Amino acid sequence: MLTVHHLRISQSERIVWLCEELGIEYALKLYSRREDNNLAPDEYKALHPMGIAPVITDGELTLAESGAICEYIDRTHGGAKLSPGADHPDFADHLFWFHFANGTFMTNGMMALVAGRMGEIPEFVTGRIAKAWALVEARLAEAEFFGGSQLTTADIMMGFNLTTSRMFNGAKIDRYPNVASYLQRIGQRPAYRRAMEKCEPGMAPKLD
């Protein structure tokens, strides 16, 4: 049985959304953050040597890393439904945004979070963040989804960065109308609504 181990208010929500979009059978186990430091509980950390979210188990397999999990589930359980093939016109765009999500966008945010707690965010970090948001806004002006003409795992990866993660960095989207429109479209998807109700019961999705 595929089990998604979801740490509350973390990027593992991506995996719940993915499973709902694919309409596959899975078990969901929720873990609350510690009250003393807001980090993952020891039970969650014990799932994988890195001790971070997300993590899935599938039979004897234990797998971490958002991108790896998305590819694994989509290919082994979803028939690659949300991953355009090499002959698809959206293939390159899908690949870029799928890897941009954690390789650049989230990395920028983590650098800013750490630097801010240490005192001051360097100009090169704020510059990278501004460029990344501008790129996101431009992409959503030309395409309905990050992956192109249809929702792909690139959207699953980028979605968390534009929604729940803003609870940590306070980023606002009032200057990004295309992002705002995109999030309203995502918020209307039945699979996204089901996922957020399951993994974050009682919390309204951060869509504006």
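This is a predicted model: local features need pLDDT of at least 70, side-chain atom pairs count only at pLDDT 80 or more; totals for chains, interfaces and linings use all residues.

Biologist: Why is the pair of F100 and F105 called tilted?

Modeller: The ring centres of F100 and F105 are 6.1 Å apart, and pairing asks for centres within 6.5 Å, so the two rings count as a pair. Their planes stand at 55°, whereas stacked needs under 30 degrees and edge-to-face over 60, and therefore the pair is tilted.

Biologist: What makes F100 and F105 count as buried?

Modeller: Buried means under 20% relative accessible area; F100 has 7% and F105 has 9%, so both residues are buried. The two also belong to one aromatic cluster, which is formed by F96, W97, F100, F105, W133, F146, Y176 and Y182.

Biologist: How do you know that W97 is buried, and which residues is W97 in contact with?

Modeller: The relative accessible area of W97 is 4%, and because the limit for buried is under 20%, W97 is buried. W97 lies in helix α4, which covers residues 91-118, and, leaving aside its neighbours within four places in sequence, W97 is in contact with L135, V136, R139, F146, A154 and M158. The C-alpha atoms of W97 and T153 are separated by 9.1 Å, although these residues are 56 apart along the chain.

Biologist: How do you know that C19 is in no disulfide?

Modeller: A search of the whole structure finds zero disulfides. For C19, the nearest cysteine sulfur is that of C70, 8.9 Å away, and because a disulfide needs sulfur atoms within 2.5 Å, C19 is in none. C199 is likewise in no disulfide, with its nearest cysteine sulfur, that of C19, 11 Å away.

Biologist: Are C19 and C199 buried or exposed?

Modeller: C19 has a relative accessible area of 1% and C199 has 0%, so with buried set at under 20%, both cysteines are buried.

Biologist: Why is α1 described as largely enclosed by the rest of the structure?

Modeller: Ten of the ten residues of α1 are buried, so the helix is largely enclosed by the rest of the structure. The buried residues of α1 include W17, L18 and C19, and also the charged residues E13, R14, E20 and E21. After α1 comes G23, whose phi is positive, near 65°.

Biologist: What makes up the contact of α1 with α6, and how do the two helices pack?

Modeller: Helix α1 (residues 13-22) and helix α6 (residues 153-162) pack at an angle of about 145°, with their axes 9 Å apart, and α1 passes α6 in a right-handed crossing. From α1 the contact draws on E13, R14, W17, L18 and E21, and from α6 on T153, D155, I156, M157, G159, F160 and N161. By class, five of these residues are nonpolar, three are polar and four are charged.

Biologist: Why is T3 called buried?

Modeller: The relative accessibility of T3 is 15%, and because buried means under 20%, T3 counts as buried. T3 is found in strand β1, which covers residues 2-7, and T3 touches A27, V55, I56 and T57, not counting residues up to four places away in sequence.

Definitions and conventions. Residues are numbered from 1 along each chain as its sequence is written. Side-chain values use heavy atoms; hydrogens and water are left out. Buried means under 20% relative accessible area, exposed over 50%, partly exposed in between (1.4 Å probe, protein chains only). Helices (H or I, at least four residues) and strands (E, at least two) are DSSP runs, numbered from the N terminus. Contact means heavy atoms within 4.5 Å. Rings of Phe, Tyr and Trp (its six-membered ring) pair if their centres lie within 6.5 Å; planes under 30 degrees apart count as stacked, over 60 as edge-to-face and the rest as tilted. Axes are lines fitted to C-alpha atoms, for helices over the stretch in contact, and angles run from 0 to 180 degrees between N-to-C directions. A crossing is left-handed if the near helix is turned anticlockwise from the far one by less than a right angle, and right-handed if clockwise.
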